[in-house]
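This report describes selected features of one protein model. Please look over the sequence and structure before reading on.

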Amino acid sequence: MIGTQKEVINWALEQDKDKKLEIKIYRPKRGLKANSYYWELENELANVLRIDNETLHFLLLQKYGQVEMVSVLADIDVSGYFKYYIEAGESILNGKIFKHYKVYKGSSEMDSREMSILINGLVEECKEQRNRNKTRSRSKSYVGGVEMSKRSNACEISPKTKEIVWNRDSQRCIYCGKWVTKTFANAHYIKRSQGGLGIPENVVTLCSECHYQEDHGLNTQIYEDYIENYLKNYYGESWNKEKLIYKKYN
Ligand SMILES: [Zn+2]
């Protein structure tokens with residue numbers, strides 16, 4: 001039975017007295033179209049970014065999804081209850097330790113409004129990624145003036161630099177410690193778009209997940225600070241942000 005307030009009440013009054021009824025707020029079902037559109041696009045973006053679908057999906061939920069704070073006794077393992085969640089601290093209440101979690105709604109539980117927020121977010125991410133690829137290929141192939149190509153060469157990371165960086169970082173993502181191949185020694189501390197040079201002092205090894213988080217995540221600042229400290233630690237006093245940026249008349 002679906003209807004207005006009055007219709008529902010009238011209908012309820014006509015039912016058997018011993019029957020139990022349940023009233024819910026009606027939410028129109030989401031079209032399957034929206035769902036399959038989302039996953040098709042998500043899959044494409046995951047391929048371009050070279051991360052797996054689930055990782056990207058969770059990142060999108062964190063950015064464009066619906067979140068709820070949930071507190072649970074600390075010794076309860078919540079991994080069976082929630083699919084998408086992050087720990088968000090703990091506190092003591094009446095002598096018991098409670099852990100707090102940010103729990104994200106899965107896309108299958110979303111109503112059509114929530115789903116369209118998620119889809120719009122994904123579409124924006126794709127646009128951004130497309131623009132980034134455009135500017136990248138333009139600076140290489142078009143003649144945007146000699147200055148531009150000089151700069152883009154200086155910001156490029158050569159295979160030799162990658163080799164040095166990868167070995168310096170023990171062939172691991174400097175953030176999470178995951179072992180990665182040499183191609184991942186490709187994360188600029190000062191971004192290419194800001195004239196960041198492709199020299200070991202400005203480049204670190206990051207796995208695809210951490211690299212994505214550094215570029216587009218919620219806490220890009222945390223990653224940037226982490227990388228800065230890492231490089232400072234390694235190169236000592238002589239490491240200086242100013243030396244990492246392309247200067248016209250070098
Ligand atoms: Zn990592």
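This is a predicted model: local features need pLDDT of at least 70, side-chain atom pairs count only at pLDDT 80 or more; totals for chains, interfaces and linings use all residues.

## Nonpolar cores

The largest nonpolar core has 16 residues. Within this core, Cys173, Val204, Leu206 and Cys207 touch the most other members. Two or more residues each come from α6 (159–168), β5 (203–204) and α8 (220–235).

Leucine 206 is in contact with Cys173, Ile174, Tyr175, Phe184, Ala187, His211 and Glu214, when residues up to four places away in sequence are left out. Another core, of 13 residues, lies apart from the largest one. Its members include Tyr101, Met115, Leu118 and Ile119.

## Helices α7 and α8

Two packed helices are described by the angle between their axes and the distance between the axes. For α7 (residues 208–216) and α8, the angle is about 115° and the axes are 7 Å apart. Angles from 65 to 115 degrees count as roughly perpendicular, so α7 is roughly perpendicular to α8. The crossing of these helices is left-handed.

On the α7 side, the contact is made by Cys210, Gln213 and Glu214, and on the α8 side by Thr220, Tyr223 and Glu224. Sorted by class, the contact has two nonpolar, two polar and two charged residues.

## Buried residues of α7

Which residues of α7 are buried? They are Glu209, Cys210, His211, Gln213 and Glu214. These buried residues pack against α3 (53–64) and β4 (187–188) as well as α8.

## Two residues with positive phi

Most residues other than glycine have a negative phi. Arginine 50 has a positive phi, near 55°, and is placed in the loop between α2 (32–49) and α3. Arginine 50 counts as partly exposed because 13 C-beta neighbours lie inside 10 Å.

Asparagine 94, also not a glycine, has a positive phi of about 50°. The loop between β2 (85–93) and β3 (96–104) holds asparagine 94. With 5 C-beta neighbours inside 10 Å, asparagine 94 counts as exposed.

## Alanine 12

Alanine 12 belongs to helix α1 (residues 5–13).

Alanine 12 and glutamate 22 are 10 residues apart along the chain. Their C-alpha atoms are separated by 10.0 Å.

Notes:
Residues are numbered from 1 along each chain as its sequence is written. A nonpolar core is a set of buried Ala, Val, Leu, Ile, Met, Phe, Trp, Tyr and Cys residues joined through C-beta atoms within 7 Å. A residue is buried if 20 or more other C-beta atoms lie within 10 Å of its own, exposed if 12 or fewer, and partly exposed in between; C-beta atoms are placed from the backbone. Helices (H or I, at least four residues) and strands (E, at least two) are DSSP runs, numbered from the N terminus. Two residues are in contact if their C-beta atoms, placed from the backbone, lie within 7 Å. Axes are lines fitted to C-alpha atoms, for helices over the stretch in contact, and angles run from 0 to 180 degrees between N-to-C directions. Angles under 35 degrees count as roughly parallel, over 145 as roughly antiparallel, 65 to 115 as roughly perpendicular and the rest as oblique. A crossing is left-handed if the near helix is turned anticlockwise from the far one by less than a right angle, and right-handed if clockwise. Ala, Val, Leu, Ile, Met, Phe, Trp, Tyr, Cys and Pro count as nonpolar, Asp, Glu, Lys and Arg as charged, and the others, Gly among them, as polar.
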